[in-house]
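Subject: Structure handover

Hello,

Here is the structure for you to take over. My notes on what was found in it follow below.

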Amino acid sequence: MKDNIYIYLKRNEIIIKIPEELEQQQIINSLIKKLPELKNLYKNEKTPIKVVGKILKNKEIDEIQNLIKEKIDVDIDFDMPKTLGLSSIRRTFNQEVAISETKFHRGSLRSGQKIETEGSIVIIGDVNSGAEVIASDNIVVMGKLRGLAHAGAKGNKNAIIVAGILDTVQIRISNVVKEIDRDEETMHKQAYVSIIDENIAIE
């Protein structure tokens, strides 16, 4: 059934596979039903659990981990990043950009300031040179983007970056990086940045 998670033994670990289309409450409900099955695998020895499949938010990871640990004292590994950034991305995934949770930040970011968020973020102001914005989904800058922007920072290649004026030397979406040579490219007004054919494109 599509509303179920899958549990199976693979080598020396137990795999919990979460289908991409499941919502968090469906995952929790399915896991509660399957906990007896999971406990049966621990009659003789403790085998580590690996959770694979859907990329989860940190709060969703914590909820699943706590539910399992209430019943079984076991090490759980999530095959997905908990932190944001290039070094955390082990694989890429697709997610609809239209359903992302969005946060708003009022005011400009000065050099040295950094914002990290799960979901999408809208900056109502500028992102100045030396500032950083990192989001697991989309980044929208209403003003000038001169600092570093890294969208899709958990591997989402469907993420986008939008800026009123794009005037930066580097942009990142998922694990794809584009260096912008100021001698070759002028400032982009009303810039829309996305991945096309595995390369970052600016429109």
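**Strand pairing around β8**

I134 stands opposite H150 in β10. Strands β8 and β10 pair in the parallel sense over three bridges, where pairing requires that DSSP finds at least two bridges between two strands. β8 (residues 132-135) is also joined to β6 by four bridges, and these two run parallel as well. In that pairing, T117 stands opposite A135 in β8. Helices (H or I, at least four residues) and strands (E, at least two) are DSSP runs, numbered from the N terminus.

**Basis of the values**

This is a predicted model, in which local features need pLDDT of at least 70 and side-chain atom pairs count only at pLDDT 80 or more, while totals for chains, interfaces and linings use all residues. Residues are numbered from 1 along each chain as its sequence is written, and side-chain values use heavy atoms, with hydrogens and water left out.

**Overall**

The protein has two helices and 15 strands. Of its 203 residues, 48% count as buried; buried means under 20% relative accessible area, exposed over 50%, and partly exposed in between (1.4 Å probe, protein chains only). Among contacts (heavy atoms within 4.5 Å) with a separation of 6 or more, 41% are between residues 24 or more positions apart.

**H150**

H150 is found in strand β10 and is buried, with a relative accessible area of 1%. A polar atom of the H150 side chain lies 2.7 Å from the backbone oxygen of S174.

**Salt bridges**

How many salt bridges does a search of the whole structure find? The search gives six, a salt bridge being a side-chain nitrogen of Lys or Arg within 4 Å of a carboxyl oxygen of Asp or Glu. Three of them are described here.

- K57 and E101 form a salt bridge, with the closest N and O atoms 3.1 Å apart. This pair links distant parts of the chain, 44 residues apart: K57 is in the loop between β3 (49-53) and α2 (58-71), and E101 in the loop between β4 (76-78) and β5 (102-106). E101 counts as partly exposed, at 45% relative accessibility.
- K154 and E118 meet through their side chains in a salt bridge of 3.2 Å, N to O. K154 sits in the loop between β10 (148-151) and β11 (161-166) and E118 in the loop between β6 (114-117) and β7 (120-124), so distant parts of the chain, 36 residues apart, are linked. K154 counts as buried at 2% relative accessibility, whereas E118 is partly exposed at 22%.
- R146 forms a salt bridge with D167, the closest N and O atoms being 3.4 Å apart. R146 lies in the loop between β9 (139-145) and β10, and D167 in the loop between β11 and β12 (170-173), so the pair ties together parts 21 residues apart in sequence. R146 is partly exposed, with a relative accessible area of 31%.

**Helix α1**

Helix α1 (residues 24-40) has 17 residues, which at 1.5 Å a residue should span 24 Å, and its end C-alpha atoms are 24 Å apart, in agreement. The expected span is 1.5 Å times one less than the number of residues. A kink of about 50° lies at K34, shortly before the proline P36; the bend at a residue is the angle between axes fitted to the seven residues ending there and the seven starting there. The buried residues of α1 are Q24, I27, I28, S30, L31, K34, L35 and L38. Their cover includes β1 (6-10), β2 (13-18), β3 and α2.

Regards

Key
Polar contact = N/O pair within 3.5 Å; in protein donor to acceptor, adjacent residues only side chain to side chain.
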